Amino acid sequence: MGEPILATSGVTKRFDGLVAVDDITYEVAEGETAGIIGPNGAGKSTFFNLLTGYFKPSQGQVYFRGRDVTVLPSYQRVMLGIARTFQLVSVFDSMTVMENMMLARVRQGPDYDSKLRFFFKNVHYKGLERECGEALETLGIAGKADTLTADMGYGEKRELEIAIALSLNPKILLLDEPFAGLSLVDIAHISEVIKKIKGKFTIVIIEHKISKLMDLVESLCVINEGALVCNGNPQEVICDAKVKACYWGKEDMVCY
Amino acid sequence: MFSKVEKYPALTLALIAVSFLIFGYSTSLPKITDFIIFCIFVIGFDLLYGHMGQLSFGHMLYLGAGAYGCGMFAYHVYPDPFLSLLVGVLVGAGLAAILGLVVVKTSHAAFALLNLALNEVGAYLVLSPLHTWTGGEDGLSLFFKSYGFINFSDRTFRFYFCLAALLLVVLLVVRLVRSPYGILLKSIKENETRVKFLGYNTYMYKYVTFIISGAIVGFSGALTSLNLAYCNTSLMAPSRNVEVIFAALMGGAGSVLGAVVGGTAFMTISNYLASYIVRWEMFLGVALLAFAFWFRKGIWGYARKL
C-alpha cells in the first residue's frame with residue numbers, strides 16, 4: 001500500500017513509574033484499515049491517546065504524513081484530519097442529536113470562518129440541518145434527530161459518535177473499541193457501517209477480541225504490556241508464537 | 001406554554017418590556033431602574049455560569065470596573081454620558097481581556113476563588129492606592145451633560161434608557177446563545193475535553209466568553225454610575241458577589257429569561273421584604289436552601305414547563 005499516513009517512532013508514555021506505552025514504533029499506510037489488539041490494560045487506548053494528542057508522549061515522536069505532530073494540540077490534529085471515537089461513548093447528553101451533529105459539522109463549514117455567522121447566525125438553518133440529517137441517515141439514526149441524546153440507547157449513542165467523527169472530514173479515523181458494550185445486533189450494524197466506509201479513508205480500530213476484526217482489517221498489530229508484540233498481515237500475526245504466548249488460553253486464539 | 005416564549009426573540013423582548021413597564025408604573029420608576037440594571041448584571045454573569053459552566057465569585061470586579069470607568073471618565077475627562085458609558089464597557093471588557101488570559105486557564109473552585117481574589121485586589125486598589133482618582137471611600141459625585149430630552153437627571157428618561165439597554169443586551173445574548181457559538185458553549189459546559197476532539201480551541205472560546213461577560217457586566221456597572229450619579233467602593237465590594245450568584249440560581253441558570261426573572265425576584269425580595277422583616281437575609285438563606293434542594297432549575301426553569 002501507499003505511504004504511511006500516521007506513524008510513531010519510539011513513543012513512550014509513563015504515569016508515575018507505570019510504563020503504559022513502551023517504545024512503540026508503528027505506522028499505518030494511507031487507505032488501509034488497520035486493527036490494534038491486545039488484552040485489557042495492554043496500553044491500546046493510551047497509545048490512541050498519544051496519536052490524537054489527548055496525552056503528550058514522555059518520549060518519541062508522532063508523525064502525520066511525514067509532519068511531526070508530537071506537540072500539536074488535539075484540536076489542531078482534528079483539523080489535519082485525525083478523528084477519533086472513545087472507548088466509553090462520549091457525546092453531549094445535554095444536547096439533541098441534531099445539535100451534536102451541528103457542532104461537529106459547523107467547524108468544517110464556511111460558517112466557522114465567518115466569525116459574524118459563527119457568533120450570531122441562528123444555527124437551525126436549512127443547509128446545515130439537511131447536511132447533518134444526511135450524516136445521521138448513513139448511520140440509520142436520522143429519525144432521532146430531535147431526541148435529547150441522554151434519552152438514546154448506548155448503541156445509538158455509539159452510532160451518533162461515529163456519525164460525528166465521520167462529519168469531521170477525516171483522513172484517518174481512529175475507533176477505540178467500537179464494539180465494546182454493544183448488543184449483537186448493534187455489533188453487526190456497526191460492523192456493516194465500517195465495511196461501508198472502509199477504503200474511503202484510513203481506519204484504525206482498537207479491539208481486544210481478535211475474532212471481530214478478522215474480516216475487517218488488512219493489517220493487525222498486537223500490543224501487550226505497553227509494548228508492540230507483532231505487526232503485519234492478520235493471518236500471519238495470529239499464528240505468531242509471541243502473540244499466542246500473550247493470548248495463551250484465550251478462546252479466540254483456539255478458534256484460529 | 002412559557003417555553004414557546006424562548007423560541008421567538010421578539011416575544012421574549014416584548015414580554016420583558018411589558019413586564020417592566022407595568023412593574024415600573026405600578027411601583028416606582030427609580031426602584032425598577034435599579035432592578036433593570038441588576039438584571040443586566042445577572043445576564044452577563046450567567047453567560048459564564050449558566051451557559052459555560054464556570055462559577056465566578058468575583059464579578060463585582062467587572063461591575064466596579066465599568067462603574068469607575070464610566071464615573072472617572074465623566075469626572076476627570078468629559079461628562080458626556082454616552083462616551084462615559086462606552087468607556088465603562090471598554091474598561092470592563094479590557095480588564096476581562098487582561099485577567100482572562102490567566103483566569104480562563106483555571107476551572108471550578110480555582111476559577112471561583114481566583115476571581116474572588118482579583119476582586120479583593122481591585123476593591124483595595126480603588127479604595128486606597130488610587131484614591132486620588134477614584135475618590136477613595138467617599139467615591140465620586142457625578143454630573144452628566146444633557147442634550148435636549150436626553151437628560152440623565154430625569155428619572156423617567158433613565159428608566160426608559162435602562163430598559164432599552166436591557167432589551168439590547170437580551171437581544172445580543174439570545175442571538176449568541178442560538179448561534180453555533182451557543183451550542184459550543186453548551187458543549188464546553190458538559191465536557192470540554194471532548195469538544196477539543198471536534199477541532200475547537202476551547203481555551204480561545206472560553207476567553208472570548210469571559211470578555212463578553214466582562215463587557216456586559218461592565219455595561220451594567222456603567223449604567224449604575226449613570227443612574228446613581230455617583231460611584232463608590234460599594235460597587236466593587238467583594239461581599240456583594242453572593243447577590244448575583246443567588247439571583248442566577250433563583251431565576252434558573254443557563255437561560256436569558258431565567259436571568260431576568262432571577263434578577264427581578266432577588267431585587268424584589270431585597271427591596272420589599274426588608275421593610276417587613278429586619279433581618280431579611282435570613283429569608284434569603286432559607287430560600288437558597290429550598291432552591292438547592294427542590295428547585296435546582298430555578299423559577300424560570302419550572303415556569304417554562306407549564
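This is a predicted model: local features need pLDDT of at least 70, side-chain atom pairs count only at pLDDT 80 or more; totals for chains, interfaces and linings use all residues.
Reader: Why is α11(B) called largely enclosed?

Author: Eight of its 11 residues are buried, so the rest of the structure largely encloses α11(B). Among the buried ones are Asn241(B), Val244(B), Phe246(B) and Met250(B). A helix here is a DSSP run of H or I with at least four residues, a strand is a run of E with at least two, and both are numbered from the N terminus.

Reader: What covers the buried residues of α11(B)?

Author: The cover includes α3, α4, α6, α12, α13 and α14 of chain B. Just after α11(B) comes Gly252(B), with a positive phi of about 120°.

Reader: What makes α3(B) roughly perpendicular to α11(B)?

Author: Helix α3(B), residues 29-51, and helix α11(B), residues 241-251, pack at about 75°, with their axes 9 Å apart. Axes are lines fitted to C-alpha atoms, for helices over the stretch in contact, and angles run from 0 to 180 degrees between N-to-C directions. Under 35 degrees is roughly parallel, over 145 roughly antiparallel, 65 to 115 roughly perpendicular, and the rest oblique. The angle of about 75° therefore makes α3(B) roughly perpendicular to α11(B).

Reader: Which residues of α3(B) and α11(B) make the contact?

Author: Contact means heavy atoms within 4.5 Å. On the α3(B) side the residues include Phe38(B), Phe41(B) and Phe45(B), and on the α11(B) side they include Val244(B), Ile245(B) and Leu249(B). By class, this contact of α3(B) with α11(B) has 10 nonpolar, no polar and two charged residues. Nonpolar stands for Ala, Val, Leu, Ile, Met, Phe, Trp, Tyr, Cys and Pro, charged for Asp, Glu, Lys and Arg, and polar for the others, Gly among them.

Reader: How many residues does the largest nonpolar core have?

Author: There are 148, and Phe20(B) and Tyr200(B) have the most contacts inside this core. Helix α3(B) gives the most to the core, with 14 residues. Such a core is a set of buried Ala, Val, Leu, Ile, Met, Phe, Trp, Tyr and Cys residues joined through side-chain atoms within 4.5 Å. Beyond four places in sequence, Phe20(B) touches residues including Ile32(B), Phe35(B), Phe159(B) and Val260(B). A second, separate core of 25 residues includes Ala42(A) and Leu72(A).

Reader: How do you know whether Val28(A) is buried or exposed?

Author: Its relative accessibility is 1%, under the 20% limit, so Val28(A) counts as buried. Val28(A) lies in strand β2 of chain A. The C-alpha atoms of Val28(A) and Thr202(A) are separated by 8.0 Å, although the two are 174 residues apart along the chain.

Reader: And is Ser219(A) buried or exposed?

Author: Ser219(A) has a relative accessible area of 9%, so this residue is buried too. Its place is in strand β9 of chain A, and its contacts include Glu32(A), Gly35(A) and Pro234(A).

Reader: Is Ser141(B) buried or exposed?

Author: A relative accessible area of 60% is over 50%, so Ser141(B) is exposed. Ser141(B) touches Tyr75(B), Ala229(B) and Tyr230(B), not counting residues up to four places away in sequence.

Reader: What area is buried between chain B and chain A?

Author: About 2800 Å², with carbon and sulfur atoms giving 65%. Buried area is the accessible area (1.4 Å probe) that two parts lose on being put together, summed over both. In chain B, Arg194(B), Phe197(B) and Leu198(B) lose the most area to chain A, together 26% of what that side buries. The contact takes 24 residues from chain B and 32 residues from chain A.

Conventions. Residues are numbered from 1 along each chain as its sequence is written. Chains are lettered from A and ligands numbered from 1 in the order in which they are written. Side-chain values use heavy atoms; hydrogens and water are left out. Buried means under 20% relative accessible area, exposed over 50%, partly exposed in between (1.4 Å probe, protein chains only).
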